[in-house]
Amino acid sequence: LQFHGRLRDIFELAREQAVEFFVDFRVQRANIFFAPGWLNVKNGNGRVLFHNVGVEFDLQTASYEQIDDISASGGIANFYQPVLDLVINAEAPTGDALRVFRNTPVGQRFADVLGNLQDLDGHVSSEINIRLPLVSDVDKRRVNVKVDFKNAAARVPHWWLS
C-alpha cells in the first residue's frame, strides 16, 4: 500500500491531482460474485490494483461451472462515474460450453433449442467484452461476444419439422 499526499477526502484530492493512492496485490483462489441468478466465478488467480479512484484487475486463471480455462481482465477507471469494463476469455469442449451457457440467465431463454443438440464434439473459444455502467445510465451498456468453433459438431434429431 502506498499513499502519497494529504490525508483528506480521497475523491477531492484525486480531483485536484494532489494525491497518489496505490494498492497492488495478488489474489489466489478468489471467488467473485457477478449478479443474482449467476453462479460465482471461482479460483481466480491474478492481480488487483487500486489507483486513486479506480481499480484494475487481471485474473490469469479462473473457473466457472467446471470450465477452468478462463481469464478475465478489466476495471473501473473512475469511481465517480463507475463503469465496469470487463474482458473474459474462455475455452472449453463444445458440450461443456453449451451446458454452461444454457445454465446462465441469458442461456435459459434458449433451453428448448439447446436441449435438442446431441453428439457434441470439438471445442469452443469465446471472448466476451462487457461495458456495464454501475449507475442508472443503462443506455451505455454493451456486450460483445466473439465465439470461435474449433472442429465443433452437433446432431439435431428433431428440429420441429412435421
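**Entry 1: the whole chain.** I began by noting that the model is predicted. I counted up the secondary structure and found three helices and eight strands. Reading from the N terminus, I wrote the order down as β-α-β-β-β-β-β-α-α-β-β. The chain has 162 residues, and 27% of them are buried. I also looked up the surface: the chain exposes about 11000 Å², with 53% of it supplied by carbon and sulfur atoms.

**Entry 2: contacts along the chain.** I took the contacts with a separation of 6 or more and asked what share joins residues 24 or more positions apart. The share came to 46%.

**Entry 3: V124.** I found V124 in strand β7, which covers residues 118-133. Is V124 buried or exposed? V124 counts as buried, because its relative accessibility is 10% and the cut-off for buried is under 20%. I then listed its contacts, leaving out neighbours within four places in sequence: A90, E91, A92, T94, A97, V147, D148 and F149.

**Entry 4: V147.** One name on that list, V147, sent me to strand β8, residues 142-155. V147 lies 23 residues from V124 along the chain, yet their C-alpha atoms are separated by 6.9 Å. V147 has a relative accessible area of 44%, so I wrote it down as partly exposed.

Key: Residues numbered from 1 in each chain as written. Predicted model: local features only at pLDDT ≥ 70, side-chain atom pairs only at ≥ 80, totals over all residues. Heavy atoms only, no water. Helix = DSSP H or I, 4+ residues; strand = E, 2+ residues; numbered from the N terminus. Buried < 20%, exposed > 50% of the residue type's maximum accessible area, 1.4 Å probe, protein only. Contact = heavy atoms within 4.5 Å. Areas by Shrake-Rupley, 256 points an atom, 1.4 Å probe, with all protein chains shown as cover.
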